Amino acid sequence: MTGPTPGSTTPDRADEHRRFDDLFREHRATVLGFLVRRVEQPADAADLLAEVFLVAWRRLDAVPDGDRGRLWLYGVAHKLLSNHRRGRRRRDALTGELAAHLGRPGVVPGGDPAPQAAEVRAAIRSLPPDDRAILTLNAWEGLSSPEIAGVLGMNPSTVRVRLHRARARLRDQLDLPGRDGDQATAVTG
């Protein structure tokens, strides 16, 4: 019994390829025009066009023939545009939040608004990589020991012990009094 050789297509599959190629050739320009008129960047329209025809390929049996196929593609494009706009609004909102966060004193990368910031950064860099990771995940990202354990793939009790030791080493580097690590956390946060 012989089957199709690799790279060959069965007659049904060949018909699907031919139908998709025809659909693409017939409607790509009009669907691209539909998208270009509705987005800010032409590159976004090109990406969306690719997504429209990906949906068409996956749902080729649902695509009507003729001009109704164009309308079906417009419907897919419309839905993808809605998703694209929602995603852009989310990205813009997150960008605004990040800009506001980075604008706060003590948080701007590379900026040293407080005289001790350079000293703190140097002290953190001098810690072993594991201490640095645990300490910064706690102080800068606000993660709890169980959350850090999840990120680093460790046991939460191990993280608590290592966090305590990392704070102590940071205090020693900064010559801070040892008060339950609160001082070291406050300086690094």
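The following legends describe close-up views of a predicted model.

Local features are given only where pLDDT is at least 70, and side-chain atom pairs only at pLDDT 80 or more, while totals for chains, interfaces and linings use all residues. Residues are numbered from 1 along each chain as its sequence is written, and side-chain values use heavy atoms, with hydrogens and water left out.

**View 1. The chain contains eight helices and zero strands.** Helices (H or I, at least four residues) and strands (E, at least two) are DSSP runs, numbered from the N terminus. Of the 189 residues, 29% are buried, a term that denotes under 20% relative accessible area, with exposed meaning over 50% and partly exposed the range in between (1.4 Å probe, protein chains only). The chain exposes about 12,400 Å², of which carbon and sulfur atoms supply 53%; accessible areas come from the Shrake-Rupley method with a 1.4 Å probe, and for residues only the protein chains shown count as cover.

**View 2. The largest nonpolar core has 21 residues.** Such a core is a set of buried Ala, Val, Leu, Ile, Met, Phe, Trp, Tyr and Cys residues joined through side-chain atoms within 4.5 Å. The residues with the most contacts inside this core are Leu23, Val31, Leu35, Val52, Phe53, Ala56 and Leu73. Two or more residues come from each of α1 (11-36), α2 (42-58) and α3 (67-102), and α3 gives the most, with seven residues. When neighbours within four places in sequence are left aside, Val52 is in contact (heavy atoms within 4.5 Å) with Val31, Leu35, Leu73, Val76, Ala77 and Leu80. Apart from this core lies another, of 14 residues, which include Ile134, Leu137, Leu170 and Leu174.

View 3. Asn138 is buried, at a relative accessible area of 15%. The side chain of Asn138 reaches the backbone oxygen of Leu143 at 3.0 Å and makes a polar contact with the side chain of Arg167 at 2.9 Å. A polar contact is a pair of N or O atoms within 3.5 Å; within protein, one must be able to donate a hydrogen and the other to accept it, and residues adjacent in sequence count only if both atoms are side-chain atoms.

**View 4. Helix α6 (residues 145-152) has the buried residues Ser145, Ile148 and Ala149.** Seen down the axis of α6, these residues fall within an arc of 105°, so they line one face of the helix; the arc is that of the directions from the helix axis to the C-beta atoms. Their cover includes α5 and α7 (156-174). The face turned away from the buried side carries the exposed residues Gly150 and Val151. After α6 comes Gly153, with a positive phi near 70°.

**View 5. Asp44 and Arg88 meet through their side chains in a salt bridge (2.7 Å, N to O).** This pair links distant parts of the chain, with Asp44 in helix α2 and Arg88 in helix α3, 44 residues apart. Asp44 is buried at 14% relative accessibility, whereas Arg88 is partly exposed at 27%. A salt bridge places a side-chain nitrogen of Lys or Arg within 4 Å of a carboxyl oxygen of Asp or Glu, and by this rule the count is seven.

View 6. Asp15 is partly exposed at 42% relative accessibility, as is Arg18 at 46%.
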